[in-house]
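Please keep the sequence and the model in view while reading.

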Amino acid sequence: MSQTNTHTYSSLNRDILATLRRPGPLYFVALAFVLCGVALGGYALSEQIKWGMGVDGLSHPVMWGVYIVNFVFWVGIAHSGTLISAVLFVFRVPWRNPIYRTAEAMTVFAVMTAGLFPLIHLGRIWLFYWLMPYPNPRQLWINFRSPLIWDVFAVSTYGTVSALFFFLGLIPDIAVARDNETNPIRKAVYTVLSLGWKNSWTQWRPYNAAYMFMASLAFPLVLSVHSVVSWDFAMSIEPGWHSTIFAPYFVGGAIFSGLAMVITIMLPMRKIFKLEHVVENYHMESAAKMIVFTGSIVVYSYCTEFFIAWYSGVRAEQQMFLYRAFNPEYAFGFWIMFLCNALSPIALAFKKIRSNMYTLWIVTIFVNIGMWFERFNIVASTLSHDYDPAVWGTYSPSWVEGAITIASFCWFFMWFLLFAKQLPAVAIVEVKEIQPKPLAKEAN
Amino acid sequence: MAVETGVLSVYSYMDTLNDAIREMNKLGEDYEVYSPVPDHHIEHAMDKGPSSVRWFTLLGTTSGISLGILLTWWVNYNWPIITAGKPYMSIPAFIVIFFELFILLGALFTLVGFGINARLLSFKMPESYDPRFSEDKFGIFVRCPLDRQSSVTETLKKLGAEETRNVG
């Protein structure tokens, strides 16, 4: 199976730049909808700031709730973007080119969303700068042994490097938009954003080198970030968290959920922009195969967790995994996770289901739901059911946490909607690179 | 800045372009190539060797890891306090900091190196630039004095240039 359509360089310019035309009313309706969601989240956050963390469902013993779930979920969503843009680039995988821009944009916006949650979770959000490495009034510095400080370094590095890598790839495409733009204001903006790009080899040579180095640096970075996030849990000695499998388990899960989100976004987007001849079913199916592969890593991790809990002979570990699966409070989350993450991707192993874009889209939504519940299952169950039965308790999120969670999705899609109409959402230059080269010997 | 003078030639085919570039190398001409894609065949034809961006990356990554070591070391001895019963310089725990700064500064220096080498932020487009170079055409601009323009034009036409234009 391979790409079926070939394009000329000119037709690609025309087709992809057509996505930047003035949007229709549906776009503005969607934008208004997500802005309302963001406003709802803003109101909920203002209530939390006004009244304090008491408006949340967080209470002893569960002091980490859906804010931390959302943080892990969104960092996970970010991962497949870097996988597609950097890791598959290093391995020269051709199916990455038409979907990489959307995936990388998704990474940047998902990190922007994820980064909000540790701050919201702080309660006193205005003191976020206490996390930065500088001495406090007592001349005491931050504790570099804390996994939470590792997180600050890892996520901020990831956000910065992803944004720079995203922008690096955009520069030649913005120059294409600049050269084809007729509106003087937009042309001026594209001229500034293209940083004086001239398509000359004085520029392409360092560009090629910089792109390869950025991809090579992002490759280990993407593996490190979710490992560090997993160590927020694994470095503690809580039952169900203190496990060496957490880093690969989280990285596998992150790529699994991120790929699902790429397909969830790309399928409607290519239809709206009429780009099905550029972003073909083949590209979607290739990503679906990766979902089957990473899904199998996730299922293997689930099985290993249960096996090790039983094999270790540690009672607290054993009861934790039984609690997750059968307790009356959170077992629904466990079974949603299991059905969505372990069973639904099996469907994608069948070509008939994988090549039908409707069934593929539905499975990816199941995976997204399943991965959110996986994080909920990890966070809430362990804190509810610690070593000491005297301090067991349950957690149910309040409307404030629900509203902020909904707002995080709206915030993510708001950036996506704004991006898709202002900058090329499909990489023009990189799609040109996978077309047959214009050769005189073939033309003649 | 003095206006560059020379001859611009335009091509539709990459193999014709690459042949012309090799010929320019043989003739020892000073030239610039324009193309809509960064195809590695063009880079090979130009035979200019690797870009110096790699030295910026090396400098960035080594600075990053050094900064990580110095920061954690200085912070822990500046206000020494035992946490978690660990030594002041807990290298295994600090590897994450070393690694993240290694990547962060490596990436930042790479981009600075790219910007310097690619001469970004010069917004004035050269006279030899044609907007078709961001679409589907390739170009070679040979820098030469006005009195050589006709002979260079002739050479470029022989090498398959579809259009030529005097610049300057």
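Over which ring does the charged end of B:K48 sit? The charged end of B:K48 sits over the ring of B:Y31, at 5.2 Å from the centre of that ring.

## Basis of the report

The model is predicted: local features need pLDDT of at least 70, side-chain atom pairs count only at pLDDT 80 or more, and totals for chains, interfaces and linings use all residues. Residues are numbered from 1 along each chain as its sequence is written, chains are lettered from A and ligands numbered from 1 in the order in which they are written, and side-chain values use heavy atoms, with hydrogens and water left out.

## Charges over rings

A charge is taken to sit over a ring if NZ of Lys or CZ of Arg is within 6 Å of the ring centre and within 35 degrees of the ring normal.

## Aromatic pairs

A pair of aromatic rings is described by the distance of the centres and the angle of the planes. Rings of Phe, Tyr and Trp (its six-membered ring) pair if their centres lie within 6.5 Å; planes under 30 degrees apart count as stacked, over 60 as edge-to-face and the rest as tilted. By this rule there are 59 aromatic pairs over all chains. One of them is the tilted pair of A:F166 and A:F419, with 5.6 Å from centre to centre and 55° between the planes. Because A:F166 lies in helix α6 (residues 147-180) of chain A and A:F419 in helix α15 (residues 399-422) of chain A, this pair ties together parts that are 253 residues apart in sequence. Helices (H or I, at least four residues) and strands (E, at least two) are DSSP runs, numbered from the N terminus. Both A:F166 and A:F419 are buried, where buried means under 20% relative accessible area, exposed over 50%, and partly exposed in between (1.4 Å probe, protein chains only).

The rings of A:Y249 and A:Y302 have centres 6.0 Å apart and planes at 90°, so this pair is edge-to-face. A:Y249 belongs to helix α9 (residues 246-272) of chain A and A:Y302 to helix α10 (residues 281-312) of chain A, so the pair ties together parts 53 residues apart in sequence. A:Y249 counts as buried at 1% relative accessibility, and A:Y302 counts as buried at 5%. Ring pairs also link a cluster in chain A, including A:F73, A:W74, A:F109, A:F166, A:W411 and A:F419.

## Packing of two helices

Two packed helices are described by the angle between their axes and the distance between the axes. Helix α6 of chain A and helix α7 (residues 184-193) of chain A pack at an angle of about 145°, with axes 8 Å apart. Axes are lines fitted to C-alpha atoms, for helices over the stretch in contact, and angles run from 0 to 180 degrees between N-to-C directions. On the side of α6(A), the contact (heavy atoms within 4.5 Å) is made by A:F167, A:I174, A:A177, A:R178 and A:D179, and on the side of α7(A) by A:K187, A:Y190, A:T191 and A:L193.

## The surroundings of B:S12

B:S12 lies in the loop between β1 (6-11) and α1 (14-27) of chain B, and at 15% relative accessibility B:S12 counts as buried. Leaving aside neighbours within four places in sequence, B:S12 is in contact with A:P438, B:D136, B:K137, B:F138 and B:E162.

A polar contact is a pair of N or O atoms within 3.5 Å; within protein, one must be able to donate a hydrogen and the other to accept it, and residues adjacent in sequence count only if both atoms are side-chain atoms. The side chain of B:S12 makes such a contact of 2.6 Å with the side chain of B:K137, and another of 2.7 Å with the side chain of B:E162.

## Loop residues

The peptide bond from A:H60 to A:P61 is cis, with omega near 5°; A:P61 lies in the loop between α2 (25-51) and α3 (66-90) of chain A. A:R92, in the loop between α3 and α4 (97-114) of chain A, has phi near 55°, a positive value in a residue other than glycine. A:R92 counts as exposed at 57% relative accessibility.
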